[in-house]
Amino acid sequence: MVISGNIVTPETAAWGEVKIQNDLISEVDLSDNIHPCADWILPGFIDVHLHGIGYGDATPQSVHLMAEQAPRYGLTSLCPTMASDAPEVMLAFVKRVRELIQNPITGAAKLPGSHLEGPFIDYAHRGGMNEDFVRGVDMDELQQLLDAADGTLKIMTLSPELENSACAIKLLTQHRCRVSMGHTGMPPEGVDDFVRAGGSAVCHLFDTFDGRYVDNGVSQVSLSDAVLVDDRLFIELIADGVHVPPALLKLAIRAAGVKRIVGITDSLCGSGLPDGAYPMTDAGRSFTLKNGDCCRLTDHPEVIVGSCLTQNQAFYNLVERWGFTPVEAAMMTASNAAGYLGIADRTGAIRPGLAADIVVLAGDRKSVKQTWIDGKLSYEAN
């Protein structure tokens, strides 16, 4: 099998051919400069933080739909993400994701593991989470989750300032689970302790983070500032232009460097679908989705509960709206996530020897024409 177009490798973007043999990329031949109207051949998108896509959401009942529908938007791998919920629901969720990993659905996106955004979250920084379900660190509950996941819990987001959080971080890292700080009011000087304890990432930077304060006319260091200059941390960013104003997004990428930025969507059920009201996954709440904006609680539209971004739109935004190169955008929507998840030796780049996980975008650099997973055509636009 041969796919031709403008190929984006980790080093460059140029016209050429990608050759696929069995499930792997066997050869990449680059010939000359970009052909402006041609298709774009990119590493399949990877999203480590999304709560829903299409008609699927991160619930035990519907998470399989996320995997099935994700290739329509160029996703070849994703970590379904459940926000704080009742203990029994979160337990059922990690069990279901484990089952889907053990018995993958033909043609569906790969599931490297689950992501729990909570429940060990600071109440004052809960954002759009249901207040009934955020709680302090419970080591017994955490052990139950880890046992049920059986090695498939890939990421947990928590607030490091909570009592017993250091013990939780240690236990999670022992189980090879990434720990991400988020929904936190931790002072900036706490970043070093978080990393030393085993923390390695930042959940959706600038969202549910306190801003700078000014003391006698002098701006003081904020938590966001502290994580930007700490090279030990991966940083999630939502590239929809709503959750993070474009100027702040550019500032973060320039300060941290492209290789530390993991582009996420933080999307909810309905993402990629028309505007409308959709159900939240927790306790009967609903949200209103508006494309070009985000998802807001129907009863309290001032409260943002997630995005309606898809990774193909994120790639378009980074390149066409904010001026990053296709190589940089591919790193932030695929390659860096693979490194973060520890699977860069298998996927995340157009490179011989890696899995043929590929998305083909039209010349507009947004519309998904094809998605290939392990060398098999998983999605093709009509």
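User: Over how many bridges do strand E19 and E20 pair in the antiparallel sense?

Analyst: This is a predicted model, with local features needing pLDDT of at least 70, side-chain atom pairs pLDDT 80 or more, and totals for chains, interfaces and linings using all residues. Residues are numbered from 1 along each chain as its sequence is written, and side-chain values use heavy atoms, without hydrogens and water. Strands are DSSP runs of E, at least two residues, and helices runs of H or I, at least four, numbered from the N terminus. Strand E19 covers residues 295-297, and its antiparallel pairing with E20 runs over 2 bridges.

User: Which are the edge strands of the open sheet?

Analyst: The order is E17-E18-E19-E20, with antiparallel pairing. An edge strand here pairs on one side only. The edges are E17 (276-279) and E20 (304-306).

User: At what angle do H2 and H3 pack?

Analyst: Axes are lines fitted to C-alpha atoms, for helices over the stretch in contact, and angles run from 0 to 180 degrees between N-to-C directions. H2 spans residues 87-102 and H3 residues 139-149, with axes 8 Å apart. The angle is about 20°.

User: How is H2 oriented to H3, roughly parallel or roughly antiparallel?

Analyst: Angles under 35 degrees count as roughly parallel, over 145 as roughly antiparallel. The packing angle is about 20°, which makes H2 to H3 roughly parallel.

Conventions: Angles under 35 degrees count as roughly parallel, over 145 as roughly antiparallel, 65 to 115 as roughly perpendicular and the rest as oblique. Two strands pair if DSSP finds at least two bridges between them.
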